[in-house]
Amino acid sequence: MANNALQIEARLDLAAALRWASRFGLGEGICNHFSLEVPGRKGHFLINPQGLHWSEVTPADLVVVDVHGRKVAGKHSVEPTAFFIHGAAHRGKPDAKCVLHTHMPFATTLTVIHGGRLEWASQTSLKFHGRVAYDDNYNGLALDEAEGERLCAGLAGAEILFLANHGVIVTGPTVAAAFDDLYYLERACMLQVLGQGTGKALKIVPEKIAGLTARQMAGESQQAGLHLKALRRILDREEPGWSRLDY
């Protein structure tokens, strides 16, 4: 597929992910950001613009920035702080073509309690076995590259990072892979928080079985792509005009 066609698909995928993140309650006001390396343009990234709710973003609204967050193309502005986290994640983890940062409620709940960790207590959580890291030090807003680099250092050996008192970062090689992880991460955290809320101890899966199940899940390589395609079909039916590309 030619670069232009790939870039159009990239815009469609990222806009769909933003709209569905809103539908699933993963967003927070007009905050948080999704970014994606532009196919065929290394060092350039699509990111959602400042001031638009995720539920209204179209492919045409996405802005192109460089690795330092400077606007390269697009009709909207970009929140000045938006790329300090995303730029650090992309620079420090070159295979992280897509970086999703949210304050989604159940996952973020684990960042605001002492010793909060994703426990291997549900089949859904096992999807993330061996793939998660934690930054346990909150230093305020990420308002410069140094803080972005510090936050994202934990991604060196992980795809998912829990940020103390803050939220999560989910990375992946494609929008489909990253968004699938984002969705199921929140589901896993929801089950854990609800389970802990009963006051009874979680039933932890033994480490050997947890590792085996994670490897089994990793073999289901088509699931993430099929998931995003299904979500795009629903948008086509229910939100005509979501895929506008006249930018």
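Predicted model: local features only at pLDDT ≥ 70, side-chain atom pairs only at ≥ 80, totals over all residues.

User: OK. How many helices and strands does the chain have?
Analyst: The chain has seven helices and eight strands.

User: And what is its radius of gyration against that of a compact globule?
Analyst: The chain has 18 Å, which agrees with the value near 18 Å that a compact globule of 247 residues would have. The C-alpha trace spans about 55 × 40 × 30 Å along its principal axes.

User: Pockets next. What volume does the largest pocket have?
Analyst: Its volume is about 600 Å³. The lining of the largest pocket is made of 24 residues, and those nearest the centre are Lys 127, Arg 131, Asp 180, Asp 181 and Met 217.

User: Which elements give two or more residues to that lining?
Analyst: Strand 8 (167–172), helix 5 (175–197), helix 6 (207–218) and helix 7 do. Helix 5 has the largest share, with five residues.

User: How do the lining residues of the largest pocket divide by class?
Analyst: Nine are nonpolar, seven polar and eight charged.

User: Which residues lie nearest its centre?
Analyst: Tyr 138, Gly 140, Glu 147, Leu 151 and His 166 do, out of 13 lining residues. Helix 4 (residues 145–152) gives the most to this lining, with three residues. By class, the cavity lining has six nonpolar, four polar and three charged residues.

User: Switching to the surface. Which residues form a nonpolar patch there?
Analyst: Tyr 138, Leu 141 and Leu 143 form one, and together they have about 340 Å² of accessible area. Tyr 138 is also among the residues nearest the centre of the cavity.

User: Where does Leu 143 lie?
Analyst: Leu 143 is in the loop between strand 6 (132–135) and helix 4.

User: Last topic. How many salt bridges does the structure hold?
Analyst: There are 17 salt bridges in the structure. One of them joins Arg 23 and Glu 239, with the closest N and O atoms 2.7 Å apart.

User: What does the pair tie together?
Analyst: Arg 23 is in helix 1 (residues 3–23) and Glu 239 is in the segment after helix 7 (223–238), so the pair ties together parts that are 216 residues apart in sequence.

How values were computed:
Residues numbered from 1 in each chain as written. Heavy atoms only, no water. 1 Å grid on protein atoms, 1.4 Å probe; cavity = no way out; pocket = protein on both sides within 12 Å on 5 of 7 lines; lining within 4 Å. Helix = DSSP H or I, 4+ residues; strand = E, 2+ residues; numbered from the N terminus. Nonpolar A, V, L, I, M, F, W, Y, C, P; charged D, E, K, R; others polar. Patch = residues over 30% accessible without salt bridge, like charges linked within 9 Å, V, L, I, M, F, W, Y side chains within 5 Å. Areas by Shrake-Rupley, 256 points an atom, 1.4 Å probe, with all protein chains shown as cover. Salt bridge = Lys/Arg side-chain N within 4 Å of Asp/Glu carboxyl O. Rg over C-alpha atoms; globule rule 2.2 N^0.38 Å. Points joined across faces, edges and corners; volume = space filled by probe spheres on them.
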